[in-house]
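Q: How do I read the features of a model like this one? Please take me through them step by step.

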Amino acid sequence: MRIGLLGTGPWARMAHAPALSGHGELDFAGVWGRRPEAAKELAERHGVRAYDDADALFADVDAVAVALPPEVQAGLAARAARAGCHLLLDKPLAATVEQGRAVVEAVEEADVASVVFFTTRFQSEPAAWITEQAAMPGWFTGRAQWLGAVFSGESPFATPWRREKGALWDVGPHALSVLLPVLGDVRRVTAAAYGPGDTAHVVLDHSGGASSTLTLSLTAPPAASGAAVELFGEAGVTVLPESSEGAVPALMRAADALLAAARTGRPHACDAAFGLRVTEILTAADALLNGGARQPCSRSATG
């Protein structure tokens with residue numbers, strides 16, 4: 001599968017480009033970026049072509065990987081899908097439900113495969129744990145805590161979109177990607193409040209009858225940063241295992257999932273439709289954080 005890369009920022013340089021160039025079943029064909037000079041530098045580093053025109057890249061490849069802010073990703077992803085490209089996307093899928101719905105509709109109309117890279121879902125130990133807990137009945141409640149120190153020091157990820165959208169939209173998708181397959185879909189966001197900095201506390205009511213709480217931050221002290229998920233139920237208490245894998249092996253596994261979905265026509269669990277569902281839940285929580293009433297989490301009608 002010939003694949004191109006959209007994006008030239010830190011995540012593209014650190015994760016996407018190494019994963020695409022090192023994958024045995026992918027032919028890394030080229031890079032497009034909003035800064036042509038950065039695209040040229042990254043392309044030269046990996047021995048591929050730099051494209052000035054995204055549509056020209058779409059015409060030359062079978063798939064694209066996207067490492068761009070969500071509001072930029074959504075529009076380009078829909079264009080790529082309409083051009084017949086399979087999509088390896090980043091989280092969050094989009095900045096709004098409408099943008100996310102447009103991606104899903106383009107994917108469905110073009111009949112292309114899509115995978116959204118929720119890192120934890122593609123790390124070996126956490127993925128196996130999620131599968132095991134999803135098969136276990138009787139969960140009562142869950143707790144997810146994702147604390148980052150992105151804005152507490154010098155970080156290449158202290159980007160404008162993260163400053164604007166905050167932890168809810170950056171690390172919230174990671175928490176939801178773990179909780180939803182185990183506790184079920186979210187019926188409503190029952191409470192949300194801000195803590196220190198951009199910290200957000202969110203309470204969710206799940207379709208299986210369980211509840212969960214999320215504590216999300218990009219402004220935590222460095223010594224307090226880290227991620228943890230605990231589940232409580234009839235089987236007792238269980239904790240999400242830490243992973244020793246970095247982003248590159250996980251992203252290569254996400255590429256494996258895209259290849260499988262493209263070959264078989266069977267959607268992956270982390271496809272664009274799942275990414276849209278996460279966007280809907282984030283939007284409901286965002287509205288509640290900013291003074292709205294209790295938010296139901298109805299699904300978008302697509303297809």
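What follows is a dialogue on a predicted model.

Q: What does Leu214 touch, leaving out residues up to four places away in sequence?
A: Its partners are Ala144, Ala175, Leu176, Leu179, Ala200, His201, Val202 and Leu204.

Q: How many cavities of 30 Å³ or more does the structure hold?
A: One. The largest cavity has about 30 Å³ of space.

Q: Which residues line the largest cavity?
A: Leu168, Leu176, Val202, Leu204, Leu214, Ile281, Leu282 and Ala285. By element, β9 (200-206) and α10 each supply at least two lining residues. The largest share, three residues, comes from α10.

Q: Now the open space. What is the volume of the largest pocket?
A: About 1,300 Å³. Its lining has 46 residues. Nearest the centre lie Trp11, Lys91, Arg162, Asp170 and His174.

Q: Which element gives the most to the lining of the largest pocket?
A: α7, with four residues. At least two residues each come from α1, β7 (139-147), α7 (160-170) and β11 (226-233).

Q: Let us turn to rings. How many aromatic pairs does a search of the whole structure find?
A: Four. Take Trp11 and Phe117. Ring pairing is judged by the distance between centres and the angle between planes. Their centres are 6.5 Å apart and their planes meet at 20°, so the pair is stacked. Planes under 30 degrees apart count as stacked.

Q: Where in the chain do Trp11 and Phe117 lie?
A: In distant parts of it. Trp11 is in helix α1, residues 10-22, and Phe117 is in strand β6. They are 106 residues apart.

Q: Is Phe117 buried or exposed?
A: Phe117 is buried, because its relative accessible area is 0%. Trp11 counts as partly exposed, because its relative accessibility is 23%. The cut-off for buried is under 20%.

Q: What kind of pair do Phe118 and Phe274 form?
A: An edge-to-face pair. The centres are 5.4 Å apart, with 75° between the planes. This pair also links distant parts of the chain. Phe118 sits in the loop between β6 and α6, while Phe274 is in helix α10, 156 residues away. Phe118 is buried at 2% relative accessibility. Phe274 is buried too, at 14%.

Q: Which residues do ring pairs link into a cluster?
A: Trp11, Phe117, Phe122 and Phe157. Trp11 is also among the residues nearest the centre of the largest pocket.

Q: Which charged ends sit over rings?
A: Look for a Lys or Arg end above a ring face. The charged end of Arg121 sits over the ring of Phe274, 5.6 Å from its centre. The charged end of Lys165 sits over the ring of Trp169, at 4.2 Å from the centre.

Q: Is Gln123 buried or exposed?
A: Gln123 is buried, because its relative accessible area is 11%. The residue is in the loop between β6 (114-117) and α6 (124-134). Leaving out residues up to four places away in sequence, Gln123 touches Ser243, Glu245, Gly246, Ala250 and Arg253.

Q: Last, the backbone. Which residues does a cis peptide bond join?
A: Most residues other than glycine have a negative phi, and most peptide bonds are trans. Here a cis bond joins Lys91 and Pro92, with omega about -10°. Pro92 lies in the loop between β5 (86-90) and α5 (97-110). Lys91 is also one of the residues nearest the centre of the largest pocket.

Q: What is the phi of Asp111?
A: Near 55°, a positive value in a residue other than glycine. Asp111 is in the loop between α5 and β6. Asp111 counts as exposed, because its relative accessibility is 68%.

Terms used: Residues are numbered from 1 along each chain as its sequence is written. This is a predicted model: local features need pLDDT of at least 70, side-chain atom pairs count only at pLDDT 80 or more; totals for chains, interfaces and linings use all residues. Side-chain values use heavy atoms; hydrogens and water are left out. Buried means under 20% relative accessible area, exposed over 50%, partly exposed in between (1.4 Å probe, protein chains only). Contact means heavy atoms within 4.5 Å. Rings of Phe, Tyr and Trp (its six-membered ring) pair if their centres lie within 6.5 Å; planes under 30 degrees apart count as stacked, over 60 as edge-to-face and the rest as tilted. A charge sits over a ring if NZ of Lys or CZ of Arg is within 6 Å of the ring centre and within 35 degrees of the ring normal. On a 1 Å grid over the protein atoms alone, a cavity is a set of points where a 1.4 Å probe fits but cannot get out, and a pocket is an open set with protein on both sides within 12 Å along at least five of seven lines; lining residues have an atom within 4 Å of a point. Grid points are joined across faces, edges and corners, and a volume is the space filled by probe spheres set on the points.
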